[in-house]
Each structure stands twice: as C-alpha cells, then as structure tokens.
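Thanks for asking me to look this one over. Please have the model open beside you as you read my notes.

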Amino acid sequence: DGARAFVSHYDLTRALANPGNRAEQRSSLVVIDTRTMQVTQRIPVCVAAHGMALSPDGRTVYMACYGDDALGVVSFTGTQPDAPVAEVRVIPIRELPPNPTSPTYGPYAITPSPDGSTVWVGCSPPNTSGGSRGLFIAFDTATMSFDTTRATTTLVGTPFFGTYAPDGATLVLPLQGRDAIARIAVMGSSLRVVSQTPVSAEDCTLPHQVAVGPDGLYYLVCEGFHTSTRRERGTVLALRPDDLSVVHRYEVGAFPDAITFTGA
C-alpha cells in the first residue's frame with residue numbers, strides 16, 4: 001500500500017568488527033513510515049543483508065543474507081500499524097558458514113516471481129572454489145525451503161537482479177564476471193538456461209539489474225567502472241525483447257544501480 005519502506009544494510013563492517021559473535025554481526029531491516037519519513041522499526045535479521053523482495057500481500061520481506069549463506073524471512077503479524085510484530089527466520093542454502101565474512105555462496109540478489117510463489121536468489125561468492133560460482137537457486141515460499149531441483153551453476157557469470165518476461169515463464173537475468181544477459185525458462189518445477197548473450201563492453205560494463213519498461217523493452221542498468229585508475233560513467237541499455245539487441249544507449253551518472261517504472 002506504499003505506507004512503509006524497507007531498507008536493507010549490506011553491513012560488512014559490522015561483521016568484521018564482531019568476529020565470533022554472530023548476533024552482533026547481524027545487519028538490520030529498517031522500516032520507515034513513508035507518511036512521516038520516520039523509522040518505526042530496526043529488526044536484526046542476518047549478516048550483510050542485501051537484495052530484498054516483498055510478498056504480494058505486503059506482510060513478508062525476503063532478504064538475501066550474504067554472510068549467512070541464507071535467505072532471511074521477516075513476517076509481520078499483529079494489528080499495530082506503526083510497529084507490527086516481526087517474526088524473523090534465517091534459512092540457509094545448506095548450513096550457516098562458520099565465518100560470516102567468508103561465505104561459500106554469498107546470496108546477494110533477489111528476483112521474485114509475480115505471484116510470490118518463488119524467490120530466486122543470485123549468489124556472489126567471495127571466491128570461486130567448490131563450484132559455487134554463479135549459483136542461482138529457487139526458494140519456495142510455500143514450503144519455506146530452497147529447491148535444489150530448480151538451481152544452476154552453469155551461468156557464465158555471477159547472477160544479479162533479473163525480471164520476469166511478460167509471458168511469466170522466462171526470467172531475464174544480468175550476469176557479471178563475463179558480462180552477459182541470460183534467458184532462463186522457469187515454468188513448472190524445472191529450470192533451463194535458454195541462452196547467455198554477451199553484452200558489448202562499449203555499451204555496457206558490469207550489468208546489474210534489468211526491468212521491463214512500459215514500452216515493452218528491457219532496460220538494463222550497467223554500473224560502469226569506478227576505480228582510481230579507470231572511471232567510466234554507467235549506462236542504461238534499452239533492449240528489444242525478442243533478441244535482446246540494443247535499441248538505445250543512455251549514458252548516466254556514476255555507479256547506477258537499478259531502474260524502476262511507476263504505473264500510469
């Protein structure tokens with residue numbers, strides 16, 4: 001209903017400053033009343049939470065828990081509108097890592113299904129050992145568990161923030177490492193990587209998020225480079241939905257992260 005805003009905190013500093021104390025390492029979900037712009041709740045959830053998704057009924061927040069190799073699930077109950085009771089669950093992909101500053105999988109990005117039945121989790125591990133590079137896995141919101149039958153490690157890069165195609169059967173997903181954009185068929189109980197199309201370095205560096213525009217085109221946000229020796233402005237690419245070819249390239253400011261479109 002737009003009455004609350006939810007803010008995650010990818011707080012690696014807190015994790016590093018409190019070794020051996022997982023409770024103190026956890027970052028918080030901050031809840032803001034959008035009418036007053038005041039913080040109403042700070043809810044400790046998990047270590048270095050980043051990507052988030054909201055359930056269709058607005059009562060559950062799903063958070064990618066980088067340091068815990070898990071998904072954080074915050075369910076709001078009760079009747080108090082300013083500070084409803086929050087139930088927190090942290091559900092690991094396999095098990096909680098002994099050292100949250102060095103996870104195996106590093107859940108980072110989230111892409112929810114339109115009906116709320118699935119939350120797709122893209123992982124960004126700190127290293128590529130153990131075959132964990134590029135893990136993309138489904139979380140079933142009915143069973144509150146990860147579905148290993150709908151998972152892949154065959155992506156050419158790290159999966160970031162994707163979107164569903166209008167057909168509801170396909171995901172379009174940006175990849176980093178080997179910069180590309182993937183199509184993934186996700187109908188039913190299976191997952192199939194349909195294609196992985198490289199993006200031109202001249203057009204896009206570090207694709208991060210994609211959204212469907214009101215004109216039916218895909219809009220791909222590319223972060224660009226921002227180091228002491230190399231600085232390139234970010235870009236947004238408008239892509240045709242049939243072949244993902246570039247219709248237009250927009251140069252934007254430093255380090256763009258995401259794009260969203262409001263309704264008419």
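Here are my points, from the whole chain down to single residues.

1. A word on the basis first: this is a predicted model, where local features need pLDDT of at least 70, side-chain atom pairs count only at pLDDT 80 or more, and totals for chains, interfaces and linings use all residues. Residues are numbered from 1 along each chain as its sequence is written, and side-chain values use heavy atoms, with hydrogens and water left out.

2. The protein chain has 2 helices and 20 strands (DSSP runs numbered from the N terminus: H or I of at least four residues for helices, E of at least two for strands). Its radius of gyration is 18 Å, close to the 18 Å from the globule rule for 264 residues, so the chain is as compact as a globular protein of that length. That radius is taken over C-alpha atoms, and the rule is 2.2 Å times the number of residues to the power 0.38.

3. How much of the chain is buried? Buried residues account for 48% of the 264, where buried means under 20% relative accessible area, exposed over 50%, and partly exposed in between (1.4 Å probe, protein chains only).

4. Now to the largest nonpolar core, which has 17 residues; Y62, L71, F139 and F146 touch the most other members. Such a core is a set of buried Ala, Val, Leu, Ile, Met, Phe, Trp, Tyr and Cys residues joined through side-chain atoms within 4.5 Å. Strands β5 (60-65), β6 (70-77), β9 (118-123) and β10 (136-140) each supply at least two residues of this core, and β9 gives the most, with 3.

5. F139 deserves a click: leaving out residues up to four places away in sequence, its contacts include Y62, L71, V73, I91 and F146. Contact here means heavy atoms within 4.5 Å.

6. Is T163 buried or exposed? T163 is buried, with a relative accessible area of 15%. This residue lies in strand β13 (residues 163-164), and among the residues it touches, not counting those up to four places away in sequence, are T111, T170, V210 and Y218.

7. Finally, look at the surface: V88, V90 and L96 form a nonpolar patch there, with about 190 Å² of accessible area together. V88 is found in strand β7 (residues 85-92) and is partly exposed, at 32% relative accessible area. Accessible areas come from the Shrake-Rupley method with a 1.4 Å probe, and for residues only the protein chains shown count as cover.

Definitions and conventions. Patches are made of residues with over 30% relative accessible area and no salt bridge: like charges are joined within 9 Å, nonpolar side chains (Val, Leu, Ile, Met, Phe, Trp, Tyr) within 5 Å. A salt bridge is a side-chain nitrogen of Lys or Arg within 4 Å of a carboxyl oxygen of Asp or Glu.
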